[in-house]
Amino acid sequence: MITTFAAALNTGLRRAMDDDAKVVLLGEDIGKLGGVFRVTDTLQKDFGDNRVIDTPLAESGIVGTAFGMALRGYRPVVEIQFDGFVYPAFDQIVSQVAKIHYRTGGKVTAPLTIRIPFGGGIGAVEHHSESPEVYFAHTAGLRVVTPSTPSDAYSMIRQAISLDDPVVFFEPKRRYWDKADVDFEGEPDLPLHKARVCTHGTDATVLAYGGTVATALTAAKIAAEEGHSLEVIDLRSLSPIDVDTIADSVDKTGRLVIVHEAPVFAGLGAEIAARVTERCFYQLEAPVLRVGGYDIPYPPAKLEKHHLPDPDRILAAVDRCLAA
């Protein structure tokens with residue numbers, strides 16, 4: 001069935017709520033409005049306001065309440081309306097949610113999913129186009145994932161909700177309107193923590209996640225017209241990282257370009273580059289290169305196209321790898 005990324009998420013949430021009465025949704029304007037991006041559209045009408053709960057505008061209170069519910073046996077799914085709004089809840093997530101399993105010697109779990117629309121590309125105002133994923137990937141005790149396609153959006157949200165671990169679920173907001181065929185009756189074709197090889201190639205590997213996967217695939221098509229074969233990998237899981245899939249690709253191609261919207265400095269690409277260098281040092285034909293946002297606060301909407309990685313910047317990095 002052809003559907004949008006947002007509609008696939010909606011169906012995934014609906015299936016999770018059908019499957020388990022303990023799944024509840026909490027967030028600002030997720031009920032009658034259906035969320036800013038309409039991801040929860042009609043769910044309150046169908047499941048009632050006891051399971052799809054409109055909350056006050058208080059992210060720390062939302063996550064704190066959901067955490068308490070998780071401790072009492074529920075499987076809450078929290079929506080943070082925009083990426084830049086998650087910081088008031090940061091203490092709850094990294095100090096409490098992430099640590100309860102370890103703190104209790106494995107006796108207490110926190111099956112809590114925190115949905116966060118992230119990244120730019122929609123012409124939004126300040127605090128609405130952040131890329132805070134590395135903060136959470138750095139925090140032990142959290143799983144951090146991001147789908148890039150409608151099909152993965154549907155399957156990965158269901159997988160996340162079913163886990164007993166807390167999951168920070170980043171949704172690339174500029175992909176909400178992307179359409180693709182989704183098999184709503186099939187089972188997930190990959191575990192939640194596995195990366196996906198999107199296209200096979202021999203000359204260089206391009207690794208991306210979230211909103212930049214489609215950009216990397218566009219770059220690969222342009223490269224093919226120029227006679228270069230790129231292997232594109234969708235990371236999907238930011239913590240844990242599927243190093244094996246990446247290393248297998250780099251062993252074959254000898255080159256790696258990492259793409260993400262977040263600033264390059266101390267970004268997730270740095271961790272991946274270090275791990276690949278450790279694993280594939282003798283197979284690398286060139287240094288691992290990173291293409292990302294600049295080390296500045298996210299720019300005004302009219303300038304964001306210069307800030308976000310585009311095919312030209314990715315291909316420039318590929319050219320540097322191939323020339324090494």
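Which residues are buried in helix H9 (residues 243-253)? They are Val243, Thr245, Ile246, Ala247, Ser249, Val250 and Thr253. Buried means under 20% relative accessible area, exposed over 50%, and partly exposed in between, with a 1.4 Å probe and protein chains only.

## Basis of the model

This is a predicted model: local features need pLDDT of at least 70, side-chain atom pairs count only at pLDDT 80 or more, and totals for chains, interfaces and linings use all residues. Residues are numbered from 1 along each chain as its sequence is written, and side-chain values use heavy atoms, with hydrogens and water left out.

Helices (H or I, at least four residues) and strands (E, at least two) are DSSP runs, numbered from the N terminus.

## Helix H9 and its surroundings

The buried residues of H9 pack against strand E9 (196-199), strand E10 (204-208), strand E11 (230-234), E13 and H10. Contact here means heavy atoms within 4.5 Å. Just after H9 comes Gly254, with a positive phi of about 80 degrees.

Pro240 sits in the loop between E12 and H9. The peptide bond that leads from Ser239 to Pro240 is cis, and its omega is near 5 degrees.

## The open sheet

Seven strands make an open sheet. Their order is E3-E2-E4-E5-E7-E6-E12, with mixed pairing. Strand E3 (52-54) and strand E12 (237-239) are the edge strands, and each pairs on one side only. From one strand to the next, the twist averages 20 degrees. Two strands pair if DSSP finds at least two bridges between them. Strands of a sheet pair through backbone hydrogen bonds, either parallel or antiparallel. Strand E6 (residues 143-145) pairs with E12 in the antiparallel sense, over two bridges. Val144 stands opposite Ser239 in E12.

Helix H7 (residues 150-162) lies across E2, E4, strand E5 (113-118), E6 and strand E7 (167-172). H7 runs at about 165 degrees to E7. Axes are lines fitted to C-alpha atoms, for helices over the stretch in contact, and angles run from 0 to 180 degrees between N-to-C directions.

## Pockets

On a 1 Å grid over the protein atoms alone, a cavity is a set of points where a 1.4 Å probe fits but cannot get out, and a pocket is an open set with protein on both sides within 12 Å along at least five of seven lines; lining residues have an atom within 4 Å of a point. Grid points are joined across faces, edges and corners, and a volume is the space filled by probe spheres set on the points.

The largest pocket holds about 380 Å³ of space. It is lined by 23 residues, and Glu130, Ser131, Pro263, Ile296 and Tyr298 lie nearest its centre. Helix H6 (133-137) and strand E13 (256-263) each supply at least two lining residues. E13 gives the largest share, three residues. By class, this lining has 14 nonpolar, six polar and three charged residues. Ala, Val, Leu, Ile, Met, Phe, Trp, Tyr, Cys and Pro count as nonpolar, Asp, Glu, Lys and Arg as charged, and the others, Gly among them, as polar.

The second largest pocket has a volume of about 210 Å³. Its lining includes Val134, Leu238, Ser239, Pro240 and Arg275. Helix H10 (268-280) gives the most to this lining, with three residues.

## Cavities

The whole structure has two cavities of 30 Å³ or more.

Leu13, Ile30, Val77 and Arg115 are among the residues that line it. E4 provides the largest share of this lining, three residues. The classes are six nonpolar, one polar and two charged.

Most residues other than glycine have a negative phi, and most peptide bonds are trans. Arg38 is not a glycine, yet has a positive phi of about 60 degrees. Arg38 lies in the loop between E2 and helix H2 (43-47), and is partly exposed at 42% relative accessible area.

Arg236 also has a positive phi, near 65 degrees. Its place is in the loop between E11 and E12. Arg236 counts as buried, because its relative accessibility is 0%.
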